[in-house]
Amino acid sequence: MNYFAKTDINYEILVWCKTNPMPTTNNTWLPDIEYCLYFREKGVKLNDGYDIKHKYYVQEINKLDKDLYGHPTIKPLKIVKSHLLHTTQKNDIILDPFSGSGTSCVAGKEIGRRFLGFELDKNYYKVSIDRLNGIDKNGQMSIFTDFENV
Ligand SMILES: C[S@@+](CC[C@H](N)C(=O)[O-])C[C@H]1O[C@@H](n2cnc3c(N)ncnc32)[C@H](O)[C@@H]1O
């Protein structure tokens with residue numbers, strides 16, 4: 001059966017507007033929007049909280065995280081965490097089949113969800129495991145917290 005044709009499925013288009021996109025000069029628009037499609041079967045609960053219910057976020061590409069974890073398309077932890085706080089419950093399992101530097105797993109861990117990540121690239125896999133243990137790509141353990149992006 002075509003899952004998406006079911007009438008009891010709602011969906012939302014969630015948006016990340018990047019304030020510092022890569023400059024492009026090759027006859028295209030700036031790559032300053034990323035979309036996330038969210039599907040929900042009837043009856044699936046969304047959590048309350050004004051701050052976690054936004055459909056769009058305006059935020060820069062976090063150069064610090066890119067450098068710390070060495071992944072070119074790392075997603076903002078703050079946005080991922082917010083979406084997961086809104087859409088999942090304690091002890092739910094978050095599955096990210098393309099987990100990269102492990103952002104969604106880290107977000108899940110920080111908010112008390114279980115998680116499962118698949119990553120093809122051995123280097124990014126190692127980065128994710130280290131990141132989950134609080135270690136950056138240079139083997140440094142951070143004793144600081146970037147509260148702006150928590
Ligand atoms: C867009 S990146 C994910 C970035 C991630 N959200 C983060 O914040 O770091 C997609 C990742 O999927 C991985 N990938 C591509 N094909 C895959 C596959 N068949 N199985 C597992 N991982 C795969 C790539 O190596 C890449 O790291």
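Predicted model: local features only at pLDDT ≥ 70, side-chain atom pairs only at ≥ 80, totals over all residues.

Colleague: Which residues make up the largest nonpolar core?

Modeller: A nonpolar core is a set of buried Ala, Val, Leu, Ile, Met, Phe, Trp, Tyr and Cys residues joined through side-chain atoms within 4.5 Å. Buried means under 20% relative accessible area, exposed over 50%, and partly exposed in between (1.4 Å probe, protein chains only). Here the largest such core has 9 residues: Leu77, Val80, Leu84, Ile94, Cys105, Val106, Ala107, Ile111 and Leu132. At least two of its residues come from each of helix 2 (77-87) and helix 3 (103-110); helices (H or I, at least four residues) and strands (E, at least two) are DSSP runs, numbered from the N terminus.

Colleague: Why is helix 3 described as largely enclosed?

Modeller: Of its 8 residues, 6 are buried, so helix 3 is largely enclosed by the rest of the structure. The buried ones are Thr103, Ser104, Cys105, Val106, Ala107 and Gly108. Their cover includes helix 2, strand 4, strand 5 and helix 4 (122-132), where contact means heavy atoms within 4.5 Å.

Colleague: In which sense do strand 4 and strand 5 pair?

Modeller: Two strands pair if DSSP finds at least two bridges between them. Strand 4 (residues 93-96) and strand 5 (residues 114-117) are parallel, with 4 bridges.

Colleague: How many aromatic pairs does a search of the whole structure find?

Modeller: A pair of aromatic rings is described by the distance of the centres and the angle of the planes. Rings of Phe, Tyr and Trp (its six-membered ring) pair if their centres lie within 6.5 Å; planes under 30 degrees apart count as stacked, over 60 as edge-to-face and the rest as tilted. The search finds 1 pair. Tyrosine 11 and phenylalanine 39 are tilted, at 6.0 Å centre to centre and 35 degrees between the planes. The pair links strand 1 (residues 9-18) with strand 2 (residues 33-41), its members being 28 residues apart. Tyrosine 11 is exposed, at 52% relative accessible area, and phenylalanine 39 is partly exposed, at 33%.

Technical notes: Residues numbered from 1 in each chain as written. Heavy atoms only, no water.
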